[in-house]
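Welcome! Please bring up the model and keep the sequence beside it as you read. We will walk from charged pairs to a helix and then to aromatic rings.

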Amino acid sequence: MKIISINVGKPKILNMDGRPIATGIDKTPVEGPAAVGKLNLAGDGQADLVHHGGEDKAICAYPSEHFAYWEERYGRPFTAGAFGENWTLLGLTEDDVCLGDMYAAGTALVQVSQPRQPCSKLAFKHQLPDLPKAVCQTGKSGFYFRVLQEGVVEPGAPLILMERGAGALSIAYINRIYYHDRGNVAAMAQIASHPALSASWRETFQKRLTARSRP
């Protein structure tokens, strides 16, 4: 398990369907070490701070194992940073990683906080309107880390599992409940009560549970 590419980028204005949109979706690989902060990596940033960034979503990670699937599906190459991720990973997919898992990366310590849920800017980036929905439906979503201990990490650094998250709820499992098994009240309650779940996903699951409990 390792970080094969570290990708950063500041928000910039892109022309999306004739409209100027500020976005940080374009990430460029860096060659040397990158400082890992509580909110993001050095040199990185987000334009929409309501839906992106923050302590729960400081680092977006994406498994490189999925690139072959997307290349076959869309007939084009996908490389490091293609999904707007900060860390392109090798050897760690949604099936392997669990909510609350703590990993050492360089001198930093990070914790898995939620699956990645792409927005329309990913579609605009690749000019593939169905890509965000396909990411969600296939479960090839990637995931977010919060930063428990700031530090420095460089490309090629191993990800070392320091502690497994409570309940061993994989990101793949959470995606299935979120997108495909929305009536599973017990599973939603278990996920919503997990101490490592991001505030935004906890709120969503709690709203669904409240709606299910109404007569």
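How do the side chains of Asp101 and Arg164 meet? They meet in a salt bridge, with N and O 2.5 Å apart. Bear in mind as you look that this is a predicted model. Asp101 sits in the loop between strand E7 (87–90) and strand E8 (102–105), while Arg164 sits in the loop between strand E12 (159–163) and helix H4 (171–179), so this pair ties together parts that are 63 residues apart in sequence. The two partners can be described by their accessibility: Asp101 is buried, with a relative accessible area of 0%, and Arg164 is partly exposed at 40%.

A search of the whole structure finds six salt bridges. Another one joins the side chains of Lys27 and Asp44, at 2.6 Å from N to O. Lys27 belongs to the loop between strand E3 (19–23) and strand E4 (28–29), and Asp44 to the loop between strand E5 (34–36) and strand E6 (59–63), so the pair links parts that are 17 residues apart in sequence. Both Lys27 and Asp44 are buried.

Now find helix H6 (residues 199–213), where Glu203 and Lys207 lie four residues apart, about one turn of the helix. These two also form a salt bridge, their closest N and O atoms being 3.3 Å apart. Glu203 counts as partly exposed at 43% relative accessibility, and Lys207 counts as exposed at 54%.

Next, turn to helix H3 (residues 131–138). Its buried residues include Leu131, Val135 and Cys136. What do the buried residues of H3 pack against? Their partners are helix H1 (67–74), helix H2 (120–126) and H4. Just after H3 comes Gly139, which takes a positive phi of about 80 degrees.

Finally, look for the rings. A pair of aromatic rings is described by the distance of the centres and the angle of the planes. The structure holds 15 aromatic pairs. In one of them, the ring centres of Tyr74 and Phe78 are 6.4 Å apart and the planes are at 50 degrees, so the pair is tilted. Tyr74 and Phe78 are both buried. For Phe143 and Phe145, the centres are 5.6 Å apart and the planes stand at 85 degrees, so this pair is edge-to-face. Phe143 and Phe145 are buried too.

Tyr74 and Phe78 also belong to one aromatic cluster, whose members include Tyr69 and Trp70. Over the ring of Tyr69 sits the charged end of Lys140, 4.9 Å from the ring centre. Likewise, the charged end of Arg208 sits over the ring of Tyr178, 4.2 Å from its centre.

Conventions: Residues are numbered from 1 along each chain as its sequence is written. This is a predicted model: local features need pLDDT of at least 70, side-chain atom pairs count only at pLDDT 80 or more; totals for chains, interfaces and linings use all residues. Side-chain values use heavy atoms; hydrogens and water are left out. A salt bridge is a side-chain nitrogen of Lys or Arg within 4 Å of a carboxyl oxygen of Asp or Glu. Helices (H or I, at least four residues) and strands (E, at least two) are DSSP runs, numbered from the N terminus. Buried means under 20% relative accessible area, exposed over 50%, partly exposed in between (1.4 Å probe, protein chains only). Contact means heavy atoms within 4.5 Å. Rings of Phe, Tyr and Trp (its six-membered ring) pair if their centres lie within 6.5 Å; planes under 30 degrees apart count as stacked, over 60 as edge-to-face and the rest as tilted. A charge sits over a ring if NZ of Lys or CZ of Arg is within 6 Å of the ring centre and within 35 degrees of the ring normal.
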